[in-house]
Amino acid sequence: MSEHAYSDAKALDLLNELERILGSDPLIDEVGFVHPSQFSTLKEAAGGSASSQDISEHENTNFWIRDHKLGISTQVLLPLYKAAKHAFMAALREYKTSENLPGNSGDDSLESEIMSHSKALLMLSCDFGTAWNSRKFIVLKKQLLPMFIDELLLSALILSYAPKSERAWSHRRWVIHTVSGNSILQRIIEGESELVEKIAERSKMNYRAWNHRCWLVSYMTKEQVLHQLEKSRNWASLHVADNSCFHYRRRLMLRIFEDVCHTQADHSSGYNLKFYNIWKDELDWNEALIKRYIGREALWLHRRFLSSYWIRHIATDLHGVSYQFDFGSFIDHELFLLDSCSTIPDDDFEDFQAQAIHSATYIVWLTKQIHEPQRIDIQEKLRARDLNRLLNKTCPERSSLWDCLEASQV
Amino acid sequence: MPLLFYHIRPEAIPKTRYLMGELAADKHVKYIISIEKKKDNFESVVMEHLRMNGAYWGLTTLDLLGKLDAMMEVLFVGGFAGNIGHDPHILYTLSAVQVLALFDKLDVLDIDKVSNYISGLQNEDGSFSGDIWGEVDTRFSYIAVCCLSILHRLDKVDVDNAVNYIVSCKNLDGGFGCTPGGESHAGQIFCCVGALAITGALHHVDKDLLGWWLCERQVKSGGLNGRPEKLPDVCYSWWVLSSLIMIDRVHWISKEKLVKYILGCQDLENGGISDRPDDAVDIFHTYFGVAGLSLLEYPGLKAIDPAYALPDDVVKRIFFAHRHCRSDLSLARRRLLLKLAVVFCN
């Protein structure tokens, strides 16, 4: 059947059916647009778990629902979208007019119509900002906690098929910010981290997802931050190319550092020592990963951060801790790492070549970050290694950068 | 319950390409005009909230190709216009202002109304919200600064504070994120560096450090990625390249390899440019590809300003030319331009 064959009345029937399905199963946790030919694949994939009555009740060629999974046929998308948009816009116009009438506090049935149409519309067009906004307006007016929680569920449902939807992520932040005075906040935050991990698992290096998790850090308690650092470690070691996860760890570590600076006034050197150990642990763990996974850019960038921060702040800023920072032996250790990574056993083996480039740029980058007179020390030690030749050979497209660095050393 | 639909999605079908070598300018013009005419399928209607941005991408590309006239007719028959009935958002405001600037028709705007809308979105910490619902992002800072500068109304906001907020989003790698503590991303870096360039505050940028991060975005194929370990994508030819130009470090990448990469992403048969060779083309990547080539001084293209993302001659006209008297606009034209303006003024 062609898309144009749908009359307005038929399209409205489709919309009603979609809204009925959405209303009857509030636990739907995934939506997919499915070509009609794939409906049979779905039946097989879902297996024979449901009773035959369930199947006959919900099965037609337009929608498919089972185990809280909703499939929508790609053939009805256009008429369905048009009907949903039309119904939503009409209800919204009417609502705005009634809102403006003196003495009117809004119409309950219009509000539920908007909630229902906007939900259907967002299933089809996840970044339809006006639909998200109308929901915010109504939820804010009602001030009922369960309604706020429902918004988180809807956003999660949309993210199940559109994990990069900016509006869906932003809607979550609006909900969390709005309920942040409520005691439920801490529970929500735990759930958010799990959601991001679940989405990041199948939507690799999803900037929006990780950005959301970074945003949450400022709402976390001290304990939650420490717990998150512990918890995200395993995920990171299984996804060593995902720079976003390592950035999340950097964000957590900087937050811990801020907390340390605040508590310094209380002379709680125990916490300082804990922090020192966290940083040292991260450096050791990162080194182990670098040696296990050859040539991963994200791991080396993480090391740039760890080392430069270590030299600049931790060694000098943490007072009252009974350790001596030995700059010389730290650098010797890094140079040892460089030497073990910059030999290319076989020119054809790309990973080792990448490892050599990353290790060489790491040490040159770090040198730039260190102030004199320590910088001169390292430059002396690097001169013997002739890194410039290595960099110019393995990475000729950045030769101007290498030349510029060499010139600045003179 | 594990995800179900995720595993049964059909894979995108690769397109056949001809050998490449040079910019197929005429094909791209045809492609841009053709999208405007074809709007009744699901893929295009669900993008309707972006129509204003689409107008900017399409029209700027045509101007860089020296073919803006080709669009005049299509546009004034009804064309892109804005989308009435949608809530205003700062994202659409910039595209609309840029489109009007392209046509030298900023005078159809109620400039005070637009600039009041933008300045009303500035928060106490100097950041900007995208709309009344309060989402904050350094992209919105760029849009606010860029729009107000084009409209000669930067004095309507606290510029120092706006700069302070952007600086607070700087990371230890020299890059910038959406909010303080957010991961560095080439698109966000463009917004932050662009806003700092427009406000004369580039001294806040550690040029060597940021330049280093940006030039490491170039991968073996010559293309640029937007973050470490990501695949290259034509759109970063714009975000990374313009940032490198603004901080004077563009010589740190190989321009020749990048030109080759962009040209390799053309659909030589039907026009348009895609994110990577052999992917499907779209208007967004067509604009960024052509704009990137313009920054790389590819022959036959107009020069584009790296901060304002508008052709150089348009920027010169905005800031250096005296406003001439309003030319005779036909009624149809004026009606259309007002329609464009209404999106963000309602």
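A salt bridge is counted where a side-chain nitrogen of Lys or Arg lies within 4 Å of a carboxyl oxygen of Asp or Glu. In this predicted model, one such pair joins the two chains: the side chains of A:Arg173 and B:Glu135 meet with 2.6 Å from N to O. Across the interface of chain B and chain A, seven salt bridges are found in total.

The size of an interface is often given as the accessible area lost when the parts come together. For chain B and chain A the buried area is about 5600 Å², and carbon and sulfur atoms account for 55% of that area. Chain A brings 70 residues to the contact, and chain B brings 54 residues. Polar contacts also cross the boundary, with 19 residue pairs found between the two chains, both partners at pLDDT 80 or more. On the side of chain B that touches chain A, the elements giving two or more residues are helix H2 (42-45) and helix H10 (207-215) of chain B. H10(B) supplies the largest share, four residues. Sorted by class, this side of chain B holds 22 nonpolar, 15 polar and 17 charged residues.

B:Asn171 counts as buried because its relative accessibility is 14%, under the 20% cut-off. Its side chain reaches the backbone oxygen of B:Gly182 at 2.8 Å. Leaving aside residues up to four places away in sequence, B:Asn171 touches one residue of chain A, A:His247, together with B:Phe176, B:Gly177, B:Gly181, B:Gly182, B:Glu183 and B:Ser184.

The cysteines complete the picture. Over all chains the number of disulfides comes to zero. B:Cys191 takes part in no disulfide, and the nearest cysteine sulfur, belonging to B:Cys192, is 6.6 Å away. With a relative accessible area of 6%, B:Cys191 is buried. For B:Cys215, the closest cysteine sulfur lies in the other chain, in A:Cys395. The two sulfur atoms are 8.2 Å apart and therefore too far from each other for a bond, given that a disulfide requires them to be within 2.5 Å. B:Cys215 likewise counts as buried, at 0% relative accessibility.

Technical notes: Residues are numbered from 1 along each chain as its sequence is written. Chains are lettered from A and ligands numbered from 1 in the order in which they are written. Side-chain values use heavy atoms; hydrogens and water are left out. Contact means heavy atoms within 4.5 Å. Buried area is the accessible area (1.4 Å probe) that two parts lose on being put together, summed over both. A polar contact is a pair of N or O atoms within 3.5 Å; within protein, one must be able to donate a hydrogen and the other to accept it, and residues adjacent in sequence count only if both atoms are side-chain atoms. Ala, Val, Leu, Ile, Met, Phe, Trp, Tyr, Cys and Pro count as nonpolar, Asp, Glu, Lys and Arg as charged, and the others, Gly among them, as polar. Buried means under 20% relative accessible area, exposed over 50%, partly exposed in between (1.4 Å probe, protein chains only).
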